Amino acid sequence: MSELKSDRKNLVIIGNGMVGYKLCEKLIEKEGGDKYNIIVFGEEPRPAYDRVQLTSYLSGKTVEDLTLAPLTWYEEKGIVLKLGEPIAEINREKQTVISSSGNRVHYDKLVFATGSSPFVPPINGVDRDGVFLYRTIEDLDAIRQYSENKKKAVVIGGGLLGLEAAKALIDLGLETHVIEMAPRLMPRQLDVAGSQMLKDKLQNLDLNIHLDKRLSVCDGNGKVEQIRFEDGSSLEADIVVISAGIKPRDELAKLSGLKTAPQGGILVDDLLQSSDPNIYAIGEVASHRDMVYGLVAPGYAMAEVVASCLTGGKKTFEGGDLSTKLKLVGIDVASFGESVETVRVSRMITFEDSVKGVYKRINVSGDGRYLLGGVLVGDSGDYNRLLHAYKNEVILPPDPGELIVGKSQKENILDLHDSAVICACENVTKFDIVNAIETNNLSDVAGIKSCTKAGTGCGGCGGLLLEIMDAIKEKKGESVKRVLCEHFAYTRQELIHIIKVHEIRAFDELKAKYGMGEGCEVCKPAIASMLSGVWNDKVMDQQMIQDTNDRFLANIQMGGTYSVVPRVLGGEITPEGLIVLGEVAKKYGLYCKFTGGQRMDFFGARLEQLPHIWEDLGKAGFESGHAYARGMRTVKSCAGSTWCHFGVQDSVSMCIDIEKRYKGIRFPHKVKSAVSGCVRECAEAQSKDFGIIATEKGWNLFVCGNGGIKPRHADLLATDLDTETLFKYMDRFLMYYIKTAAHLTRTSTWFEKLEGGIDHLKDVIIHDSLGICDQLEKDMQYIVDNNHCEWAELVKDSEERSRFVPFVNSPETDSTAEFLEERGQKVPVAWDQEEIKKDKVLVS
Amino acid sequence: MSLNKVWVEAAKTEDIPEDGGACVLLNGKQIAIFHLKSKDQWYACDNLCKHKMQSVLSRGILGDHHGEPKIACPLHKKSYSLLTGKNLNGEDYAVEIYPVKMEGGLLYVELAEG
Ligand code: SRM
Ligand SMILES: Cc1cc2nc3c(=O)[nH]c(=O)nc-3n(C[C@H](O)[C@H](O)[C@H](O)COP(=O)(O)OP(=O)(O)OC[C@H]3O[C@@H](n4cnc5c(N)ncnc54)[C@H](O)[C@@H]3O)c2cc1C
Ligand code: SF4
Ligand code: FES
């Protein structure tokens, strides 16, 4: 293998599944990771994919969607990845692995990440055609293909995975039966009552459930046709899917003489070292303190420990968390900790509502102080709170039943045990954090991070850190900053920072790592604007988190119709341009009005008309005016020195240059500008977010003015600027605003809260007191360079255009919006139906 | 009007954007259907927002309030629970909600017959 560097040690990883991949990712992030040549052998033909989401492959997700990192990623990181090439033999004396195709590689350190395979019960007939496993993409391809024209499916195993597979089979159109040997479903997580509740729910989904049944034979002529049970009964089956537990892939380890657990799995210690200190095992193949974890989170934690060990760190694995949620349509099932009877559980509290189909149970320690585990069926709304109380050993209220019945009360995070681990990655306790805040007088999460390292790993505890910070401030009577909403415990600034530092480009990713719940109308559009502010990606890419205005690139108005505002730079328009505007309005039956911003507003466009209107406008050279966006609106102009005998500079050209530079950029709120050709100020520049007034020597730049709800006269930032400096300052000012203002804060409101006021702005923008001007200019140039007219792109994209329909199931148009005629144009009927003026003509 | 309920074929699953909604016309009625990706759950309600009687809810933003799925109207951001149809801003109107089921890639909405 020529790609190996001779000055490095060889780290060989066997298995490129979820955990093996995670180890690669962690290693290259770590300092010291580069002292290894990383060589990965994978048995599957493709790079690691998200097995947890495997079922979504049947409902339309592609292999690419599921792939954790493309092949190019491994290449870029210098990782040698051999796919479809399992390791067949290990020579521990010589420290070499030998692959199925005879490749021989020396290792200094070896990691088993071979996962597990489904456990297949030793029953007659499991080798027949029509019997499948449920573990890999290939398994699912085979199931999908075979199930065509088949009617009946049977899933062996009523655990988490079996139920997931069963639901997938129903969705493939099969009558589906689940067979469970235990007297209850999900026997690892549920008790009888919980199982009963779940069974009722699943039966509503047309799933047939058979408990307490032991399989004896898969029967049929060549292929499977029937399955028979030990009690003599039988069931017809065209296809059988086995999901009866997992079996660690420790066969190679056994062959090479490593110690394995009697129930399977390579025996490892807290460093995840096997009986051979050069060999580690992680993920589903490892048996740690008698446990084999069939979940991905403990596997990831193991990957972190090994990555740390290999690079000189001191982490250990002390056991993993077993909490899980069932990923099933419409069914809430969650369990955490010791959810069923164990020796420690001496008190349990249950809540049951058979009408709503809700069952909750929590297990409490003998002294009633701690939560040991629990299960929620039918309503898992309490899950996050309970999980937190369990993981952090929160001392329970005197009546712990309150946790699952009635309204939840807000707990104070400071009531946590001092020893409660807040940051699991860096093992930082509540005491460490409170102590760091108090002794160093910290005031933000960033401070906690640098003092304690908490929050520097996966970042999942960020919300808790903030909560502690706020609770301490509150205790001291200080004001507490506003978080975005119930889904994100961060401020806008913190989120922008997170988005940049962790290169987050999607709402879902941000939510998964730093948020909770589904999001809402507050955080979704706010984060959409942050993402496009940071990356200036096409706004369309994440439509569903946008306000409807951003989704359909138009303002929604009366009757669900939209308005259309093309850009008219500087208010300057040719007669030909004017004619086109008129023609478009006529063709689509639109109401016309000049705005106060020197351009045309068309009202009354139906959703399906929008792409057509913009296609026609685009042909005549008109671009989006972004009237719907938190972005650059119009730059208003006066006549300027070209025509006006008072003018001292060409305000129209300046206006056009400014609008061209900043059009299309998203800001925390809309941004307006104006340029006046002399001190008479006909363009009202001092009422704009930034305004320019011509002087004999150059340009005066005013900032943070506003008309609107609370008018504010702009402040003078700099005088007599040449054109180049003017643009420099505008770039810096606007970028500083993007980076520091809260979502939906106009420059004027932002300014009012800015400590130091105009002097501060002068310091930052003119004197570069923060040393960021270079960066501000670069960042602005980056988004300017990536600018584009989104409507011009949209009209060319037939898939995008197909979204602009009123009904997805019918070609009809929406007829609910009604119009009257007024002064020769159509206008909508007012909200209040009585206001319909009877004498007016209704037009369509 | 008969009280019998029937499942009416409404749309293909791919017609409903993930974590978003779309409108269908069923027996002359505008019904908004939503898809919550994380739970792979489908919901349906009237497209008509009761605040100002505007047929626009399918174009709103999907989300949750303490775990309860909800839709916020695009016009004035009034929210409705997708489990009960209740307005979540404390106002006393509600929208009609309908059961949805998915079968073989098609979505069905349960409506009163007729
Ligand atoms: C079209 C226009 C009125 C007109 O016919 O002249 C207009 C129309 C709307 N304004 Fe305005 N504003 C218009 C000039 C103004 C002005 C005056 C100006 O820009 O010279 C102001 C005060 C100046 C200012 O912004 O500082 C103004 C202050 C507002 C405000 C209050 C903003 C504030 O921060 O105080 C809103 C509400 C908002 O943005 O949240 C608003 C919101 C709106 C919205 C977007 C309301 C909405 O969401 O539907 C209206 C959209 C109508 C549509 O669908 O096109 N409009 N609006 C003007 C468009 C100018 C343009 O060509 O882009
Ligand atoms: C349908 C499904 C749903 C699931 N849902 C969840 C869930 O909701 N939550 C959860 O936490 N977990 C879930 N899991 C479990 C989760 O996917 C596993 O815990 C995780 O994939 C384990 O990672 P791993 O790397 O240890 O094993 P794997 O991902 O199985 O990777 C092991 C890899 O090693 C390869 N290999 C084996 N032997 C060799 C060899 N000799 N040479 C080279 N390569 C070899 C295998 O082919 C495989 O590619 C689910 C699993 C399935 C199948
Ligand atoms: S002033 Fe009010 S009503 Fe008039 S356009 Fe602006 S937002 Fe609409
Ligand atoms: S019309 Fe829906 S909120 Fe006003």
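Colleague: In which helix of chain A is the place of A:Lys22?

Modeller: The model is a predicted one. In it, the side chain of A:Lys22 makes a polar contact of 3.1 Å with the side chain of A:Glu25. The place of A:Lys22 itself is in helix H1 of chain A.

Colleague: Is A:Lys22 buried or exposed?

Modeller: The cut-off for a buried residue is a relative accessible area under 20%. A:Lys22 has 15% relative accessibility, and therefore it counts as buried.

Colleague: Which helix supplies the largest share of the shell around ligand 2?

Modeller: Two helices of chain A, H1 (18-29) and H5 (160-171), each supply at least two residues of that shell. The largest share amounts to three residues, and it comes from H1(A).

Colleague: How do the residues of the shell around ligand 2 divide by class?

Modeller: The shell around ligand 2 has 29 residues, and those that come nearest are A:Glu43, A:Glu44, A:Arg135, A:Glu284 and A:Lys327. By class, the shell divides into 13 nonpolar, eight polar and eight charged residues.

Colleague: Turning to ligand 1, how do the residues of its shell divide into nonpolar, polar and charged?

Modeller: Ligand 1 is surrounded by 20 residues, the closest being A:Ser563, A:Lys593, A:Gly596, A:Asp601 and A:Asn706. Their division by class, taken over the shell, is two nonpolar, 11 polar and seven charged.

Colleague: What distance separates an oxygen atom of ligand 1 from an N or O atom in the side chain of A:Lys672?

Modeller: Polar side-chain atoms of other residues also lie by oxygen atoms of this ligand: one of A:Ser563 at 2.5 Å and one of A:Lys593 at 2.6 Å. For the side chain of A:Lys672, the distance from an N or O atom to an oxygen atom of ligand 1 is 2.8 Å.

Colleague: Why is A:Asn149 called exposed?

Modeller: A:Asn149 is in the loop of chain A between helix H4 (137-147) and strand S10 (152-156). Its phi is positive, near 65 degrees, in a residue other than glycine, whereas most residues other than glycine have a negative phi. The cut-off for exposure is a relative accessible area over 50%. A:Asn149 is exposed because its relative accessible area is 77%.

Colleague: What is the relative accessible area of B:His66?

Modeller: Chain B has zero helices and 12 strands, and 54% of its 114 residues count as buried. B:His66 is found in the loop between strands S7 (61-65) and S8 (68-72) of this chain, and it has a positive phi of about 45 degrees although it is not a glycine. B:His66 is exposed, its relative accessible area being 62%.

Colleague: Finally, what separation do the C-alpha atoms of A:Gly455 and A:Val428 have?

Modeller: A:Gly455 is found in the loop between helix H11 (445-452) and helix H12 (462-475) of chain A. At 10% relative accessibility, A:Gly455 counts as buried. A:Gly455 and A:Val428 are 27 residues apart along the chain, and their C-alpha atoms are separated by 9.0 Å.

Note on methods:
Residues numbered from 1 in each chain as written. Chains lettered and ligands numbered in written order. Predicted model: local features only at pLDDT ≥ 70, side-chain atom pairs only at ≥ 80, totals over all residues. Heavy atoms only, no water. Near = heavy atom within 4 Å. Helix = DSSP H or I, 4+ residues; strand = E, 2+ residues; numbered from the N terminus. Nonpolar A, V, L, I, M, F, W, Y, C, P; charged D, E, K, R; others polar. Polar contact = N/O pair within 3.5 Å; in protein donor to acceptor, adjacent residues only side chain to side chain. Buried < 20%, exposed > 50% of the residue type's maximum accessible area, 1.4 Å probe, protein only.
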